[in-house]
Amino acid sequence: MAFPAIKSGELVTLKDLHPSSPLFKHGASLRVIGKLQEYTVETAIAIVVDGNAILKIDTQHLRDLSFRIGSVYQFIGELLIQPDDEAILQARVGRNVDGIDLNLYHQSLQLLRQFQADHLKNSTT
Amino acid sequence: MDLKFQHTYVKLLAFDLLSLAQTPSLSSSDPIFFSRLGKSLSRAEILGIVTTRDHKPNKFLKFTIDDGTGCISCILWLNQLTSPYFSRRSPPDVRLIADMAAHFASEIKIGVVARVRGRISSYRGAVQITVSDVVIERDPNAEIFHWLNCIKLARNCYGVAAPCK
């Protein structure tokens with residue numbers, strides 16, 4: 001049974017996704033978190049916000065997920081960058097994470113990145 | 001080789017699990033053993049979002065756990081009732097194991113967060129988990145706690161020679 005390797009969604013904050021960032025790559029598999037600001041049923045496009053940053057999410061492939069303005073969602077998907085540098089995440093997985101401690105989330109993300117960087121530095125194999 | 005963690009489900013982040021050293025052993029019953037910084041590991045606990053699911057009824061459920069640091073392939077066997085491996089065990093026990101596995105399989109859906117425990121194994125050179133236990137985590141903060149636990153344990157327990165505090 002052949003299984004195409006699926007890439008891990010790299011943990012990023014919406015603030016990380018600006019054109020000059022190394023994470024802003026067409027086709028990159030990312031995991032994002034944000035509060036739902038807007039949702040259009042006809043296009044299945046959601047707009048999520050985290051602090052001052054926003055991101056468009058294409059939710060057409062998601063099943064069993066109801067969208068409520070003001071709820072916090074997490075999405076895993078691939079980043080599509082349009083010619084005008086506007087980015088949209090093609091989500092393949094989404095979930096409602098209402099109740100998440102966003103401050104703890106962001107702090108833990110920093111710790112996680114530091115841990116991964118240290119691990120790479122110390123790796124002898 | 002330190003065997004302290006041989007029988008414990010070591011909490012590992014995906015990128016850490018994928019970087020374990022694999023050593024082929026001389027015995028054919030346990031072909032490969034895994035180690036991290038001189039410590040032999042055989043069981044692990046991972047936690048992440050289920051991103052793929054391949055179900056072959058009464059045979060197995062293969063799924064992927066993405067915890068944000070990497071993807072781990074997991075295999076849950078569903079063939080207990082027909083497998084010769086279980087034929088010598090008492091049928092009610094085998095039925096219990098089979099029912100539990102079937103229950104786990106029904107809970108694993110794309111998009112849920114699952115805590116998976118199992119044996120670290122290898123398939124076609126890639127690390128995978130042979131599942132023994134699954135818990136679906138509904139607390140949205142569960143993943144954060146798992147990352148923090150993994151970091152703390154790696155620093156205080158799995159990465160040092162001194163006993164755990």
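Of the 125 residues in chain A, 42% are buried, where buried denotes under 20% relative accessible area, exposed over 50%, and partly exposed in between (1.4 Å probe, protein chains only). The structure is a predicted model, in which local features need pLDDT of at least 70 and side-chain atom pairs count only at pLDDT 80 or more, while totals for chains, interfaces and linings use all residues. Residues are numbered from 1 along each chain as its sequence is written, chains are lettered from A and ligands numbered from 1 in the order in which they are written, and side-chain values use heavy atoms, with hydrogens and water left out.

Chain A contains one helix and six strands, in the order β-β-β-β-β-β-α from the N terminus; helices (H or I, at least four residues) and strands (E, at least two) are DSSP runs, numbered from the N terminus. The C-alpha trace of chain A spans about 50 × 40 × 35 Å along its principal axes. Among the contacts in chain A with a separation of 6 or more, 53% come from residues 24 or more positions apart, a contact being defined by heavy atoms within 4.5 Å.

At the interface, 32 residues of chain B are in contact with 29 residues of chain A. The area buried between chain B and chain A is about 2,600 Å², with carbon and sulfur atoms giving 68% of that area; buried area is the accessible area (1.4 Å probe) that two parts lose on being put together, summed over both. F15(B), P140(B) and W147(B) supply 21% of the area that chain B buries against chain A, more than any other three residues. Three salt bridges are found across the interface of chain B and chain A, a salt bridge being a side-chain nitrogen of Lys or Arg within 4 Å of a carboxyl oxygen of Asp or Glu. E143(B) forms a salt bridge with R31(A), with the closest N and O atoms 2.8 Å apart.

Nine residue pairs between chain B and chain A are in polar contact, both residues being at pLDDT 80 or more; a polar contact is a pair of N or O atoms within 3.5 Å, where within protein one must be able to donate a hydrogen and the other to accept it, and residues adjacent in sequence count only if both atoms are side-chain atoms. On the side of chain B that touches chain A, at least two residues each are supplied by helix 1 (14–18), strand 5 (43–56), strand 6 (60–66) and helix 3 (142–158) of chain B, and helix 3 of chain B gives the most, with eight residues.

G68(B), in the loop between strand 6 and strand 7 (71–77) of chain B, is buried, with a relative accessible area of 9%. Leaving aside neighbours within four places in sequence, G68(B) is in contact with S8(A), G9(A), E10(A), L11(A) and R31(A).

A44(A), in the loop between strand 2 (29–40) and strand 3 (45–50) of chain A, is buried at a relative accessible area of 10% and has a positive phi of about 60 degrees although it is not a glycine. Most residues other than glycine have a negative phi.

Over all chains, the whole structure holds 14 salt bridges. R36(B) forms one of them with D16(B), the closest N and O atoms being 2.8 Å apart; R36(B) lies in strand 3 (residues 32–36) and D16(B) in helix 1 of chain B, so the pair ties together parts that are 20 residues apart in sequence. R36(B) is buried at 8% relative accessibility, and D16(B) is buried at 2%. By contrast, R95(B) and D99(B), which meet in a salt bridge of 3.8 Å, N to O, both lie in helix 2 (residues 91–107) of chain B, four residues apart, about one turn of the helix.
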